[in-house]
Amino acid sequence: MDSSSAEILIDLGGFRLYKDGHADRAGGMESVPAGYDDETGVTSKDVVIDAVTGVSARLYLPPCIQPATDDDGKKLPILLFFHAGYFVVGSASWPPVHRYTNSVVASARVVAVSVNYRLAPEHLLPAAYDDSWAALSWAVSGADPWLSAHGDTGRVFLSGASAGGNIAHNMTIAVGVRGLDAVVPEPRIEGTILLHPSFCGETRMEVEPEEFWGGVKKRWAVIFPGANGGLDDPRMNPMAAGAPSLTKLACERMLICSAGFDPRRTRDRAYYDAVKASGWGREVDWFESEGEGHHFFVDKPGSHEASKLMERVAAFIAGH
């Protein structure tokens with residue numbers, strides 16, 4: 001056996017990535033079924049978007065609209081959510097993600113589409129981006145009765161956590177560059193919410209922990225060997241030379257969230273500053289959680305800072 005098959009490049013506890021490109025996953029792959037959530041009153045179901053690629057999603061309806069009851073016919077914002085997990089682990093049905101999505105649907109009164117994109121390294125990037133684009137196009141077309149009956153394509157929000165935040169940025173840029181011409185009338189991306197988004201670059205920033213940056217670099221090389229410029233591929237470094245102009249962001253408003261102890265904070269703040277300085281000219285807000293680390297709002301949903309972040313997200317969707 002080739003010794004490279006046993007050489008571990010990345011060990012993050014929940015998974016290991018090996019030099020030969022395979023992965024062992026010890027966590028982040030648990031699943032809970034869709035259905036009615038007693039705690040929030042939210043109802044969910046699983047749908048297949050593309051039977052060929054296996055792309056799927058979990059759809060959510062808030063308590064004010066349930067499939068078995070009549071409602072006032074008022075349509076609600078559509079929220080597309082892209083889960084975290086380094087592009088390697090996670091799913092819409094992973095218990096912490098499902099719990100978070102139930103909470104945001106109930107708090108913000110949205111119809112949500114939580115996307116299951118294909119995971120690396122079995123499906124190398126850009127598969128996750130391609131799948132997310134397919135899910136976005138599917139969602140705004142009203143292909144499912146929950147979306148056509150209850151979702152307002154004039155108020156679409158894109159959101160994601162960590163790797164999912166990276167995806168949400170890239171989908172917002174893609175809409176600005178490519179448009180959604182297949183959908184008539186073209187949907188309106190009212191807002192993008194980036195929750196601790198994962199960005200990086202070939203040049204380590206001065207305050208960026210060296211071990212953290214090195215780990216991202218190794219992982220990116222395994223899951224995206226075709227990246228253009230390594231970590232300076234525009235999909236990982238939106239400020240890199242040759243990246244699409246941030247003025248192409250297709251949303252009307254943007255909320256960028258980080259945490260004081262997150263090693264990604266410096267990059268996320270640089271992204272926020274770059275958006276403000278780009279000439280985009282629309283509303284962009286920064287929200288920082290104190291004394292917390294990366295992805296805490298999913299891992300510690302009942303904490304004081306998680307509640308504050310949820311309130312800010314709900315207020316942003318409501319237009320406040």
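Trainee: Which strands form a hairpin, and how many residues lie between them?

Mentor: In this predicted model, β1 and β2 form a hairpin with three residues between them, and glycine 13 in the turn has a positive phi of about 85°. Strands here are DSSP runs of E with at least two residues, helices are runs of H or I with at least four, and both are numbered from the N terminus. Residues are numbered from 1 along each chain as its sequence is written, local features need pLDDT of at least 70 and side-chain atom pairs count only at pLDDT 80 or more, while totals for chains, interfaces and linings use all residues, and side-chain values use heavy atoms, with hydrogens and water left out.

Trainee: In which sense do β1 and β2 pair, and over how many bridges?

Mentor: Strands of a sheet pair through backbone hydrogen bonds, either parallel or antiparallel. Two strands are said to pair if DSSP finds at least two bridges between them. Here β1 and β2 pair in the antiparallel sense over three bridges, with isoleucine 10 standing opposite leucine 17 in β2. Strand β2, residues 15-18, is also joined to β3 by three bridges, and these two run antiparallel; leucine 17 stands opposite alanine 23 in β3.

Trainee: What is the order of the strands in the open sheet?

Mentor: The open sheet of three strands has the order β1-β2-β3, with antiparallel pairing. Because β1 (8-11) and β3 (23-25) stand at the edges, each with a single partner strand, one side of each is left without a neighbour in the sheet.

Trainee: Is isoleucine 78 buried or exposed?

Mentor: Buried means under 20% relative accessible area, exposed over 50%, and partly exposed in between, with a 1.4 Å probe and protein chains only. Isoleucine 78 has 0% relative accessibility, so this residue counts as buried. Isoleucine 78 is placed in strand β6, residues 76-82, and its C-alpha atom is separated by 5.8 Å from that of valine 110, 32 residues apart along the chain. Contact means heavy atoms within 4.5 Å; not counting residues up to four places away in sequence, isoleucine 78 touches several residues, including Val111, Leu147 and Phe157.

Trainee: Where does asparagine 237 lie, and which side chain is joined to that of asparagine 237 by a polar contact?

Mentor: Asparagine 237 lies in the loop between α5 (210-223) and β10 (253-259), and is buried, with a relative accessible area of 9%. A polar contact is a pair of N or O atoms within 3.5 Å; within protein, one must be able to donate a hydrogen and the other to accept it, and residues adjacent in sequence count only if both atoms are side-chain atoms. One of 2.8 Å joins the side chains of asparagine 237 and aspartate 232.
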